Amino acid sequence: MAGRDTNEHPHGADRLCEAGDRVYSRAVRQGRVPRDDAEAVPCLVQLALLHPDPDDMGQLVPTSPLEVMTRLLRSVDEEVSASQARVGTAVAAVGWYAGLDGGRVQPPAESTAIRVLDGLQRIRAAMDEATEACTKEVLAVQPGGIRREDELREGLHRGLEMRRRGVRMRDLYTHVARHGQGLHNYMELMGDAAEARTLDEVVERLIVFDRVVAFIPANADRTMALEIRHPALVDYLVTVFERLWRLAVPLTAPLPSTGIEGITHRERSIAALLAEGHQDAVIAERLGISVRTCRAHIARLSETLGAASRTQLGVRIAQAGLDGPPRSGTAGELLPAVSTTPVSESPTGR
């Protein structure tokens, strides 16, 4: 759908094309429509009138007419000084959406627990909105390796603006990110408004604003994301972040010794993942390094431990006690305990 030419639909939500009118009206009446039915009208997804169903990605669900009315009126209020003529068009559109709604009261978008954001444009728009609304704190997990200079430059102006508003920022990276000078320069410019720590490996990308709204990827290539506003889910993600943060090493502090002469911190991490049976490519991805670099470390690890083969390396890793994380922190501490209370008996409040 994203690859279609949207120039066939040069309109806004206040004046839908005929095809868009038919598909959106049917979606409101039926509650959802198959994704294939909306391929001919990409305008409905572009205008956020249809979005993927979190329970079935092959279906699209409509944004409620009440929410569309709210958006239109807000837009008109902001632009009224520049164009009084648009007011009449928007009011007429409000009447049309109200007719579709049939008088039912539906919750506004702000109360939606989970929204699927389809496409980088919608993801960026939602993130920009959350950034502008943020007043206290941003928590972020950034997987991968060394941060690219262009990514850091792009985020610098947003970071400085949040710093001006008194927002505090905490970022989690992999240890590999320490080797990029750009990250150190970025943190120096942010001053005491930002703090970074690192771990051997982190969870997938996560950003939480004011402990109210969180964003996580919804597919492997990160062209879809989930915007989460359910208080229990956001609290859970914050708890995961805080426990990872407690186990992480401040960016300004040196990495702890492995306790074994000749074995670096990264090689210890690779040894533990090898002991779990992971392939080189998986290990490289989890630690944020290239496959070539990973194999070079494995070769050095084999030489240090005196292993002549992969099988023998596994034995040597176990003998050296490198087949698990350091005893100071265990994987079980990363996630909060899950209640065994049946759903029907659990409280409905936070």
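**Strands, helices and a buried arginine**

User: In S3, which residue is the bridge partner of Val33?
Analyst: This is a predicted model, and the pairing described here is read from it. Strand S1, residues 33-34, pairs with strand S3, residues 56-62, in the antiparallel sense over two bridges. Within S3, the bridge partner of Val33 is Leu60.

User: How many residues lie between S2 and S3 in the hairpin?
Analyst: Strand S2, residues 50-53, runs antiparallel to S3, and four bridges join them. Along this pairing Pro52 stands opposite Leu60 in S3, while the bridge partner of Asp53 in S3 is Asp56. S2 and S3 form a hairpin, and the number of residues between them is two.

User: Which strands stand at the edges of the open sheet, each with a single partner strand?
Analyst: The open sheet has three strands in the order S1-S3-S2, with antiparallel pairing. Each edge strand has a single partner, so one side of it is left without a neighbour in the sheet, and the strands in this position are S1 and S2.

User: Is Arg170 buried or exposed, and which residue's side chain does its own side chain join in a polar contact of 2.7 Å?
Analyst: Arg170 is found in strand S6, which covers residues 168-174. Because its relative accessible area is 15%, and buried means under 20%, Arg170 counts as buried. Leaving aside residues up to four places away in sequence, Arg170 touches several others, among them Glu137, Glu195, Arg211, Phe241 and Trp245. The polar contact of 2.7 Å joins the side chain of Arg170 to that of Glu242.

User: How are H9 and H11 oriented to each other?
Analyst: Two packed helices are described by the angle between their axes and the distance between the axes. Here the axes of helix H9, residues 265-275, and helix H11, residues 291-305, come within 10 Å and cross at roughly 90°. The contact is made by residues including Arg266, Ile270 and Leu274 of H9 and Cys294, His297 and Leu301 of H11. An angle of 65 to 115 degrees counts as roughly perpendicular, and H9 and H11 are therefore roughly perpendicular.

User: How many disulfides does the structure hold?
Analyst: A disulfide is a covalent bond between the sulfur atoms of two cysteines. Cys134 counts as buried at 1% relative accessibility, and Cys294 is likewise buried, with a relative accessible area of 0%. For disulfides, the sulfur atoms of a cysteine pair would have to lie within 2.5 Å, and the number that the structure holds is zero.

Notes
Residues numbered from 1 in each chain as written. Predicted model: local features only at pLDDT ≥ 70, side-chain atom pairs only at ≥ 80, totals over all residues. Heavy atoms only, no water. Buried < 20%, exposed > 50% of the residue type's maximum accessible area, 1.4 Å probe, protein only. Polar contact = N/O pair within 3.5 Å; in protein donor to acceptor, adjacent residues only side chain to side chain. Contact = heavy atoms within 4.5 Å. Pairing = 2+ DSSP bridges. Axes fitted to C-alpha atoms, helices over the stretch in contact; angles between N-to-C directions. Parallel < 35°, antiparallel > 145°, perpendicular 65-115°, else oblique.
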